[in-house]
Amino acid sequence: MCPGLGRATIAPAGTRPPDDLSTDQTAVLGKGIPSQMGPNDDERDRFAHSAGGHATTLIDLAEPARRIVALTGAGISTESGIPDYRGPGGVWETGRPPTLGDFRENAATRRAYWDGRRDRYPTMATAVPNAGHAALVALERAGRLLAIVTQNIDGLHQKAGSDPARVIELHGTTHTIRCLDCGRTQPAAAVQRRLIAGERDPACSVCGGPLRAATILFGEPLPAAALRGALEVTLSSDLLFVVGSSLVVNPAARLPLLAKRAGARLAILNRTPTPLDAEADVVVRAEAGSTLAALAAALLAGGNDERG
Ligand SMILES: [Zn+2]
């Protein structure tokens with residue numbers, strides 16, 4: 001079980017009444033985005049688009065939600081300069097996905113992986129969270145967001161200030177290095193120093209086993225604890241909010257339907273269509289950062305009184 005992800009340790013989201021938006025604000029927000037954000041009519045239309053044919057907007061849907069679970073993918077990190085969720089050592093730098101067996105057996109595979117990582121990890125290490133990550137932090141601190149389930153390995157949710165106990169990394173993290181034999185973990189920065197010093201196939205200093213980032217490789221099962229945690233929060237949510245994921249990689253692609261079956265609403269914010277758009281209560285085709293920022297601002301406007 002992921003530390004901190006059990007029912008006993010995740011507090012229920014806040015119970016702020018749903019009537020704390022003024023009539024004026026609601027009139028504006030019915031269009032989807034506060035007018036000061038300056039969207040054009042086309043953006044407003046996209047923001048308000050509902051796949052189910054209902055007159056519901058994203059804000060209408062999120063307003064009563066108190067146990068939002070955000071399912072985030074690469075699209076929330078592109079505005080932070082992260083080109084692909086696989087990150088250093090992934091497909092986009094090695095040209096082909098290494099399998100676990102290939103990685104274990106072939107020093108050449110490992111050298112290619114570490115060569116790529118030496119050059120590209122600094123970009124991941126210094127990436128800065130964007131307005132989308134910040135908006136989810138704001139929703140969490142207001143008691144509206146139960147958890148984030150992410151396909152990303154970049155650690156930007158935690159860097160933005162999300163409670164690490166509420167961030168479930170389905171595909172692991174690029175910021176931790178793990179020994180394939182003894183399981184010992186260490187910060188990526190320590191291994192990065194060895195790469196820069198000239199090592200091309202760094203081995204575990206305890207057992208001599210092969211090292212790699214604590215991310216999943218192709219054909220590898222997802223971390224069981226993360227999967228259990230993701231299922232648990234999904235089934236506890238009242239709104240499953242997909243952000244920046246095309247929902248084509250399982251099991252993340254299955255979580256929205258499980259949430260729906262358990263009674264949650266489903267919102268999808270993604271630049272491109274997804275296979276689950278027809279199942280969603282609201283679909284928004286837009287960039288994650290500005291849309292999430294507008295949503296959080298709208299939901300939290302004047303809503304801090306219960307905590308004061
Ligand atoms: Zn080891």
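Predicted model: local features only at pLDDT ≥ 70, side-chain atom pairs only at ≥ 80, totals over all residues.

**Entry 1: two helices**

I began with α6 (residues 107-126) and α9 (residues 188-196), whose axes come within 10 Å and cross at roughly 110°. Angles of 65 to 115 degrees count as roughly perpendicular, so I noted α6 as roughly perpendicular to α9. On the α6 side I wrote down Trp114, Arg117, Arg118 and Tyr121, and they meet Ala188, Gln192, Leu195 and Ile196 of α9. Sorted by class, this contact of α6 with α9 has 5 nonpolar, 1 polar and 2 charged residues.

**Entry 2: the open sheet**

Next I traced a sheet of 6 strands, which is open, shows parallel pairing and has the order β3-β2-β1-β7-β8-β9. Which strands stand at the edges? I found β3 (167-169) and β9 (282-284) there; each has a single partner strand, so one side of each is left without a neighbour in the sheet. On average, neighbouring strands of this sheet are turned by 15° against each other, with direction ignored.

I then followed β9 to its partner: strand β8 (residues 265-269) runs parallel to β9, and 3 bridges join them. One pair I can point to is Leu269 with its bridge partner Val284 in β9. Helix α7 (residues 131-141) packs on the sheet and touches β1 (68-72), β2 (145-150) and β7 (239-243). The direction of α7 makes about 145° with that of β2.

**Entry 3: an antiparallel pair**

I moved on to strand β4 (residues 172-179), which pairs with β6 in the antiparallel sense over 5 bridges. Thr173 has Ala214 in β6 as its bridge partner. Is β6 (residues 211-215) buried or exposed? I counted 5 of its 5 residues as buried, so β6 is largely enclosed by the rest of the structure.

**Entry 4: helix α12**

I checked the span of α12 (residues 288-300): its 13 residues reach 18 Å from first C-alpha to last, close to the 18 Å expected at 1.5 Å a residue. Its buried residues include Ala288, Leu292, Leu295 and Leu299.

**Entry 5: a backbone angle**

Last, I stopped at Leu247, where phi is near 55°, a positive value in a residue other than glycine. Leu247 sits in the loop between β7 and α11 (255-261). I count 24 other C-beta atoms within 10 Å, and 20 or more make a residue buried, so Leu247 is buried.

Note on methods. Residues numbered from 1 in each chain as written. Axes fitted to C-alpha atoms, helices over the stretch in contact; angles between N-to-C directions. Helix = DSSP H or I, 4+ residues; strand = E, 2+ residues; numbered from the N terminus. Parallel < 35°, antiparallel > 145°, perpendicular 65-115°, else oblique. Contact = placed C-beta atoms within 7 Å. Nonpolar A, V, L, I, M, F, W, Y, C, P; charged D, E, K, R; others polar. Pairing = 2+ DSSP bridges. Expected span 1.5 Å × (residues − 1). Buried ≥ 20, exposed ≤ 12 C-beta atoms within 10 Å, placed from the backbone.
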